[in-house]
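Trainee: Please pick one part of this model and take me through it closely. I would like the terms spelled out with their cut-offs as you go.

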Amino acid sequence: MIQRKQTLFILVAMILTGSLMFQSLGNFSGEKGLFEMVFYALRDITNADQPTVVYYLVPLASLVVLTTVLNLITIFLYKNRPLQMRVCGINVGIQLGLAAIMLYLQMQLASDIEVEWVFNYTMLLPVLAAVLDYLAYRGISDDEALIQSLNRLR
């Protein structure tokens, strides 16, 4: 059923991962200038009028889009609970991988351009989305167990 609590968990997780597309994922400052990491690139924002792209981050961008789309797909798989559970579990793994890749990229980019990395709260959004997807997985699993127990009574 689409109005269940797990749908709300998945919807909030989708909003969290989708919001990564519109926020700064990290800030770097040093002698070489100011840099900002967005979901698709590392930009030099020393000249605020015209930020220039230093590195394109295609793997990060593809993972952000993938997790958002998978959450959207998972919402509409409510008629096929086993498949919905599988997609939700896969998405938990991808989101944890996204958080690890974000952390690795920020530390690696900071050492490459020799600037200091400043921790940003957006690092926690994929982890929070993974927790919400796990809670949705548990809710879907409980629903499936209930349906199976009702089928045994017939």
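**The sheet and what surrounds it**

Mentor: S1 and S5 pair in the antiparallel sense, over 3 bridges. Two strands count as paired if DSSP finds at least two bridges between them. Strands (E, at least two residues) and helices (H or I, at least four) are DSSP runs, numbered from the N terminus. This is a predicted model, in which local features need pLDDT of at least 70 and side-chain atom pairs count only at pLDDT 80 or more, while totals for chains, interfaces and linings use all residues. Residues are numbered from 1 along each chain as its sequence is written, and side-chain values use heavy atoms, with hydrogens and water left out.

The open sheet has 5 strands, in the order S4-S3-S2-S1-S5, with antiparallel pairing. Strand S4 (52–56) and strand S5 (116–118) are the edge strands, each pairing on one side only. Direction ignored, neighbouring strands are turned by 25 degrees against each other on average; the axes are lines fitted to C-alpha atoms, for helices over the stretch in contact, and angles run from 0 to 180 degrees between N-to-C directions.

Ser 24 lies in the loop between helix H1 (5–19) and strand S1 (26–30). Ser 24 counts as buried because its relative accessible area is 17%; buried means under 20%, exposed over 50%, and partly exposed in between (1.4 Å probe, protein chains only). The side chain of Ser 24 makes a polar contact with that of Glu 36, at 3.4 Å. Such a contact is a pair of N or O atoms within 3.5 Å; within protein, one must be able to donate a hydrogen and the other to accept it, and residues adjacent in sequence count only if both atoms are side-chain atoms. Setting aside neighbours within four places in sequence, Ser 24 is in contact (heavy atoms within 4.5 Å) with Glu 36, Met 37, Asn 120 and Thr 122.

Met 37 leads on to the nonpolar core. The largest nonpolar core has 29 residues, and Phe 28, Met 37 and Leu 60 have the most contacts inside it. Such a core is a set of buried Ala, Val, Leu, Ile, Met, Phe, Trp, Tyr and Cys residues joined through side-chain atoms within 4.5 Å. H1, strand S2 (33–37), helix H2 (58–75), H3 and helix H4 (125–153) each supply at least two of its residues.
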